Amino acid sequence: MSKTKKFDRRDFFRGTAALAFTGAAWGAVGEKTEGTVWQLDPNKCTQCGRCTTHCVLNPSSVKCMNQFNICGYCDLCFGYLQPGSRARGTGAGDQLCPTAATKRAYIEHPYYEYLIDEDLCIGCAKCVNACLVFGNASFYLQNRQDVCINCNECSIAKACPSDAWSEVPASQPYIYLTGDKSTTI
Amino acid sequence: MMKTKLAILVLGAVLLSATGAGAIELKFPPPDFQTPYGLPDLYNPPPAAGFGWWDTVILFGALSLATWFVFKSRSRRGLFLLSIFSVAFFGFYRRGCICPVGSTQNVMAATFIPDVGVSAIIVSFFVLPLLFSLFFGRVFCASVCPLGAMQELVAIAPIRISPALERVLGLGKYLYLGLATLGVATGAGFLICRYDPFVGIWRMGHSFNMLLAGGAILLLGVFVARPYCRFLCPYGVLLGWMSRFSKWHLDIPPSPCVSCRLCEDSCPYNAIDMPTPEHLVEDPETGKRRIRAYVFLSPAIILAGAFGGYMMHEPLSRLHPTVQLSERVAAEDLAIYQEEILESETFRAGDQTTAELHAEALAIRGSFKKGGAWLGAFMALIICLKLIGLSIVKKRDIFTPHKETCFSCGRCYPYCPVEEAGATT
């Protein structure tokens, strides 16, 4: 290897290549430099249950939410109670949720508030489906951005049969119910 | 700032859905509470802060440290320790995302697909190792890449495979790069991420098959060192191209080589170019004639490759989920399958008609015709270049690392008895 300090033709090409390369890559950044995160559109979700099984995390980063302004606060909540359960109690045998993540609190007769314990929720969408079929469809799934590790290719998105998953801007990481669904059912 | 933004967002969403909810008829009208009760706020935590630019800073730091170990301290031990750090930090702690290998696809997606952008941090992850490679060789592979570092750590009893087999298997990484590009360009998905063998290990969970593949590659890697890097890594192709033209590169002896042959067997990657054996030194005219023949034949080979790739468009297009669904639905309609799968069931419940689906799949298959031809031409070009490269016999008297394939891992350092020129011993 020559030890000359001269800036020769090869160096020139190398420098040009490096500059062109960085420039081209930076050009690819374009205007959209903001990061994206994965989210599912609850209005497209068909409650297939794959969010539970296909997330690289266990339990899944997808959790159930209750949109309170749609919720009917029903005493007989089908998202909460097992179909045909004798008592409207809080016993495990009466609950629809396989992990007992739905909690209910008495507000006034005959209304109950339903909350989700997200540490227990596995995103199986059983309650979402029951509320959609029998109730106001106020339960819906969302990808919890503080739990999600934001894989480059989301395993759930790849497995989703209803094309509900997409990458959304990190500044607007949640997609809310628009209420269309409860009208179509 | 973030909090107020979020609050506005939540408020906006609530108002929006409130008007929406007012317009639609709910089965059970929301109650009019007699007791004082306010609707709870929607709990919407922002994305985990992540490291942002710190990731890039740490990557730059690790690359600089690796360069220092390769060139200044010539320390195999230092590189080994840095490998452990990379596996622990980029692998287990950051859980393998983002990584420069996968970032290739984000950059390609931003290039090929309109409306798809890529964040500056991801671009920095893509560019930094390539720039370091252009100036210092593949120091990134040496001990910064968590995939490479992991395999470097398990390569305990490496055997050497024949250079011929090495070259043939090495074509795998070009094919993988081509397929990954095809996957991105046609919208089939990010194949490099989907078939990343180690990401399941970083995250302690994945599909059983991928964990099995990762385990198998590690087990194989004990004996055949770095199988992923040598035969599969698509980013390694780009790094190799950069490294071939690198300004500086690892040298086995720090001073002139004395051809003592002690390093001959130290490289498990077939990346040391030996002095040219006597029987290979040939008449320059023969060599020139052979190269001329290859160059003359290349266009025909490339055309044949493009045609072959074009003919493969049908199986290749099955990489795309829409094509898979279309074929499944068609097969169900022809009663080849008696049962519906979840995908076809969901499709049939949706608004899209079967004809629309098949038309969409046909259009995608069309893009695979073009993509397949490019893929075939690319592979043929690579094979031609390799053949031409093989037929150039350079007279060499010393042991030098092969700049394109050398991972700069420093395994050869302890074998070299030559001391630093001017060093006192």
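A residue counts as buried if 20 or more other C-beta atoms lie within 10 Å of its own, as exposed if 12 or fewer do, and as partly exposed in between, with C-beta atoms placed from the backbone. The model is predicted: local features need pLDDT of at least 70 and side-chain atom pairs count only at pLDDT 80 or more, while totals for chains, interfaces and linings use all residues. Residues are numbered from 1 along each chain as its sequence is written, and chains are lettered from A and ligands numbered from 1 in the order in which they are written.

Select Leu179(B) to begin. This residue lies in helix α8 (residues 163-186) of chain B; helices (H or I, at least four residues) and strands (E, at least two) are DSSP runs, numbered from the N terminus. Is Leu179(B) buried or partly exposed? Leu179(B) is partly exposed, because 19 other C-beta atoms lie within 10 Å.

Next, colour chain B by domain. The assignment, which is automatic or from a database, gives domain 1 (53-275 + 400-415) and domain 2 (280-391) of chain B. Their centres, taken over C-alpha atoms, are separated by 27 Å. Domain 1 of chain B gives 11 residues to the contact and domain 2 of chain B gives 12, where two residues are in contact if their C-beta atoms, placed from the backbone, lie within 7 Å.

Now display both chains. Their contact takes 55 residues from chain B and 54 residues from chain A. On the side of chain B, the elements that give two or more residues are α1 (2-23), α4 (100-112), α5 (120-136), α9 (191-194) and α17 (342-349).

Of its 185 residues, 43% count as buried.

Finally, select strand β5 (residues 139-143) of chain A. This strand is largely enclosed by the rest of the structure, because 5 of its 5 residues are buried. Phe139(A), Leu141(A) and Asn143(A) are on one side and Tyr140(A) and Gln142(A) on the other, so that both faces are covered. Strand β2 (residues 62-66) of chain A runs antiparallel to β5(A), and 5 bridges join the two; strands pair if DSSP finds at least two bridges between them. The bridge partner of Val62(A) in β5(A) is Asn143(A).
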